[in-house]
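Open the structure in your viewer and keep the selection tool at hand. The stops below say what to select and what is there.

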Amino acid sequence: MRPLPFLSIVLGSLALLAALACGGASASKTAAPVAAFTVSPGSPIAGQDVTFTDATTGSPTTWSWSFGDGVTSSVQNPSHTFAAAGTYAVSLTATNAGGSHSASRSVTVAPAGTFTLASSAVANGGALPIDYTTDGSGASPDLTWGNAPAGTKAFALLLSTLPGDGTTLYNWVLYNIPAQATGLARNSSGGATAGASGHTLTIPATGYAPPQSEGPGTKTYTFTVYALSGNPSLPADPSQVTGAVLSQAISGMTLGTAKLEATYARQAPTAAFTAATKGLTVTFTNASGLSATGWSWNFGDGTTSTDPNPVHTYATAGNYAVSLTATNAFGTSSPSTRTVTPEATSAPVAGYSYLSASGSSTLLRSGHAIRFTDTTVGVPSSWSWTFGDGTTSTEQNPVHIFAVPAAAGPDNTQSFTVSLTAGNALGTSTKTQTVVVHQPEFNLYQGISDEAQSKTVSFSGFALLTGNLNAQTFFPPGKVADYTGFQYLRDNDPSGMGHNTSFVTRVACNVINILTTDQLNQLATLATSQAAGFRLYGYKRYTLMKAFRRLQEGDLPTGTTGLNVDTIKAYSNALYQIDGQISYDRALLYASIIKGMSPQQLDYLDAMKGRGWANWPDVTMDTVRNKMSTLPKDVNVLVMTYAGDIYSWYAGSVEADVYFCPERHGTYYGGFYMKDAPAIGHEGYSISTTLTAEAGGVLLGLDSSNKSAIGKAPYFITQSQADLMAGLATTQKSNLWVGSTNIVSIRTQIATLLRSLLLPGTDASAVKSQVLALSGTYGELDGENNYNYAKVFAAFGKSLSTTQTTALQSLRSSIMKGTYADGTAFDFTNCTTYYLYSDIVTSADIANYVDPLATAPLFK
C-alpha cells in the first residue's frame, strides 16, 4: 500500500492520538467464536439416539442448543432422541468473552423402521463440497447407513447421475460389502470390490470417479445403498462389472434401498499456494485444485507471472504481499494472498533521493508533500529516517511534509538535516543530506498575524457599515466543514489561479472524472443526506447577522441595552456543532473512498500534486456532465464541493487542513458578497486578492500603499476611530491563537482527528464525539469574537460623520462596479436579494430566523 502524505504529520500528533487510543478499543480483544457442529447419524430414524458434536472454533465457553422440537441443552456435545419423523431445524449458539455466534442445519428424521443413508460431508439434497469432486482433491465422502431390512446378507452401492443425454452415468460401483458393515469411511471402500466407472475421464477405470459436472448448471448425484438377500453372481473381472451389470444382477435380490442425493455445479476455482524462500529467491507452488486452467501471480514488487509454479528472485529483502488468482472456464477466483520474506545476503549501503510533488528537487515548500525514495545499494530490510524537524519514519519510501511555518532565514528558507539508516541482519549504513525547504506563499501564521487580522476585521466592519442584511447573507459554501485544506490549496496555487472561478471547477471535475459510478453514488447519497443540515447551518446564521445589524442600526429590543455575550456563545456553540457533524460525516466518507481507490486513481491524483491549475488536465463540466446530469442542483453543488475536498485532503496535510484565510472568522457582515458577487456565473473571473487589505485599511486610517492617512481626504478617519478598529486584533487574539483554549489549537485537534479516519483501526465513534465537543467550544470562541466585532462596528458607525459615511459609500460603489472581459458592465453596489450561501432566496425563506422573536434572546 502506498504511503499517504499526511502520515508523518498525524503520527507526530502523539498526544492527540494517545487520547484517541484511550477513548477507543483496547489493543487486544478476544474474537467471538465461529459456531459449527456435526450430527451422527446424519439421517436418523425416530426413537434413535443422535449425537451432536461441537466443532466450534475460537474457544467457546458456553453452548446453547435448540433441537427444533422444543427441547434445548447447554451441554457441549449432547445426545438427543427425536420422538417423531420430520425435519427439524437444529441450532447451536456458542459464546465466549468476545461475543456469540450461531450455526444451524436441518436434520431429517425418518420414521421408525426406515432404511437410511447419510454422510457427514453433505446433507440429503445439499451441495456436495468441492473436496469430493474433480475440482478438489477427489475424495470419496464418508457414508453411514442404518436400520437395514431383516435378512440382509450383503450390501452394494451405486453413485449415479444423469449427465443430460438420458443415459445413467455411474461414478461409483461397489459390491461385496459385508452384511455387518454400517458405512464407509472417507476415501475408503471398506474392503469391498470396486466395479467399473462409466466416467470416461477416470483413471483407473475402476473405483470412485469424483463428480465433475461438465458444462454449465447444477447436476444431481445419487448415492444408493442396496440391502441384498445374498451375494449376486457377477463377472470375475471387476472392470466388467458396470453399474448396469450390477443393477441387473441384484434386481431380484434387493430387500431395500436407501438414497442420499447431493448436487454440484462447477464454478471458479479456489486459489491457493505455498512458498519456499531461499535467500532472495522464492519458489511458489500452486495448490489451487484440479479445475484451475490459468494463474495470475502478483509478487508484490511490481512484477507478475502466469506460470502455474513460478520461481521469483526479489531485488531487495523485505516483506512482500504475494497474491495468486486462478481461473477456469467457469470464472475467476478471489485472490489468495500471503506474505513472503526474502532475505539479504550482505549489509546495505544507504542512499536516497527526494522530489517535491511537482517533480522538483530544489523548490521544496513547507506544507507540501516531499517524497523520499530509498536508493540503497544491497538488500535492506529496515529503514530509519530522521527529518531534522523532530519527526521520524520507518517506511522505505516515506512522504514527508515539513511543518508550517518553518523558522525561515533571510531568504525565506530553512535547512533540515535528513538522514536514512538502512539495515539488515548483516549490518547498517547511514546517508545524511541537507534539505532546503521554502516557506509557502501563504501560511496560517501570516493569516493570524495582527496586520492581516486588523485589515480583515476592518473589512468586515466596512462591509457591515456600507451594506445591508441582504449582502450579509452571502456566504461561500466552501467555508462549511473546511478541514480538508482546500483554502490552503487555493491560496498557494503555483499558477496563481486559486481565486479564479475556474479553479474550483477544474479541481472537482478532475476528481469526478476518475471516480467510479459507485464512488460518485456514495458522494451523491451523502449530499442528499447532508443537504438539509447544510441548509440549516446557512439559515441559522441569519439570526446572528440580523442581531449584529440591529445593534449597528440601534434597533434594540425593548428593555435591552446591547448584545448578550453568553447567549451568543451558546447560539454559536449549537451552530458549530452542525458544522462538526457535517465535517465528520464528510471525512468518514472521504477516508473510505480514498482508502478504496485503485492504484490508477491514486496515480492520477499523485500526478496533480503540487503542479497547480495551469498544469492539471483541463477537465471541464462538459466532460463530466453525463455523470452529474441526474443530480438535483443542491446535491450537484455539494458533490462538486466533496470532489474538491477529496483532492485537497489527499494532497495536503494537517497544517493545510488547519490553515484558514484571515476572513474565515467574522463572516456575518457581508464581506464575501463584496468579493464574490461579481464572480457569480462568470467562469474565469478572478477575485481580487488585495481587496480585503485595501478596503479594510481605510477604517484603520491607511491608504492603498499601507501608509497613514489619518484625517486625510476623502475618508477623514480619525486616530481614535482607527485605534478603536485596530484594537479588535488584540481583543480577539486570546480566543484566536494565544489563549490556553484557542481556535487554532481546536482546528488542529479536529483536523488531526478527522485525518485519523484514514488510518486502519481508528474508533470512528470516538472521533465523532470528540469532534462534536471540540466544535461546540470552537463556536463559543468564535461567537465571543463576533460579539466583540459587532460592538466595535456599532460604536464606529455612531462615530461617523455624514462626510465620512458618504465617502465610504462612494468607496463601496467603486469596488462593486466594473466591466467583465466581454465588455459587459456590472454594478453590485446595492444587494437587493437574500442569499443562502450563493443562491438567491426569498425573504419568506429566512423570515423565522430574522424575526424579532428569534433575535431578541441575543440581547440583554
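Start with strand S15 (residues 219–228) and strand S16 (residues 254–264), which run antiparallel and are joined by 10 bridges. Helices (H or I, at least four residues) and strands (E, at least two) are DSSP runs, numbered from the N terminus. Two strands pair if DSSP finds at least two bridges between them. Within this pair, select Phe223, which stands opposite Leu260 in S16.

Before going on, note that this is a predicted model, in which local features need pLDDT of at least 70 and side-chain atom pairs count only at pLDDT 80 or more, while totals for chains, interfaces and linings use all residues. Residues are numbered from 1 along each chain as its sequence is written, and side-chain values use heavy atoms, with hydrogens and water left out.

**The sheet**

Now select the 6 strands of the open sheet, whose order is S9-S16-S15-S11-S12-S14 and whose pairing is mixed. Which are the edge strands? They are strand S9 (126–127) and strand S14 (193–194), each of which pairs on one side only.

Move to strand S12 (residues 169–178), where 8 of the 10 residues are buried. Buried means under 20% relative accessible area, exposed means over 50%, and partly exposed is in between (1.4 Å probe, protein chains only). Strand S11 (residues 154–161) is joined to S12 by 7 bridges, and the two run antiparallel. To see one of these pairings, select Leu159, whose bridge partner in S12 is Trp172. S12 also runs antiparallel to S14, with 2 bridges between them. Here, select Leu174 and its bridge partner in S14, Ala194.

**Two helices**

Next, select helix H16 (residues 691–699) and helix H20 (residues 802–816), which pack at an angle of about 175 degrees with their axes 12 Å apart. That makes H16 roughly antiparallel to H20. Axes are lines fitted to C-alpha atoms, for helices over the stretch in contact, and angles run from 0 to 180 degrees between N-to-C directions. Angles under 35 degrees count as roughly parallel, over 145 as roughly antiparallel, 65 to 115 as roughly perpendicular and the rest as oblique.

Which residues meet here? On H16 they are Leu691, Ala695, Val698 and Leu699, and on H20 they are Leu808, Leu811 and Ile815. This contact between H16 and H20 has 7 nonpolar residues, no polar and no charged ones. Ala, Val, Leu, Ile, Met, Phe, Trp, Tyr, Cys and Pro count as nonpolar, Asp, Glu, Lys and Arg as charged, and the others, Gly among them, as polar.

**Single residues**

Select Ala722 in helix H17 (residues 719–738). Is Ala722 buried or exposed? Ala722 counts as buried, at 4% relative accessibility. Not counting residues up to four places away in sequence, Ala722 touches Leu699, Leu700, Gly701, Ile710 and Ile717, contact meaning heavy atoms within 4.5 Å. The C-alpha atoms of Ala722 and Phe796 are separated by 9.1 Å, although the two are 74 residues apart along the chain.

Go to Ser583 in helix H10 (residues 565–595). Ser583 is buried, at 4% relative accessibility. The side chain of Ser583 reaches the backbone oxygen of Asp579 at 2.8 Å. Leaving aside neighbours within four places in sequence, Ser583 is in contact with Ala481, Tyr483 and Leu754.

End at Pro857, in the segment after helix H22 (852–855). Pro857 is partly exposed, with a relative accessible area of 46%.

Key: A polar contact is a pair of N or O atoms within 3.5 Å; within protein, one must be able to donate a hydrogen and the other to accept it, and residues adjacent in sequence count only if both atoms are side-chain atoms.
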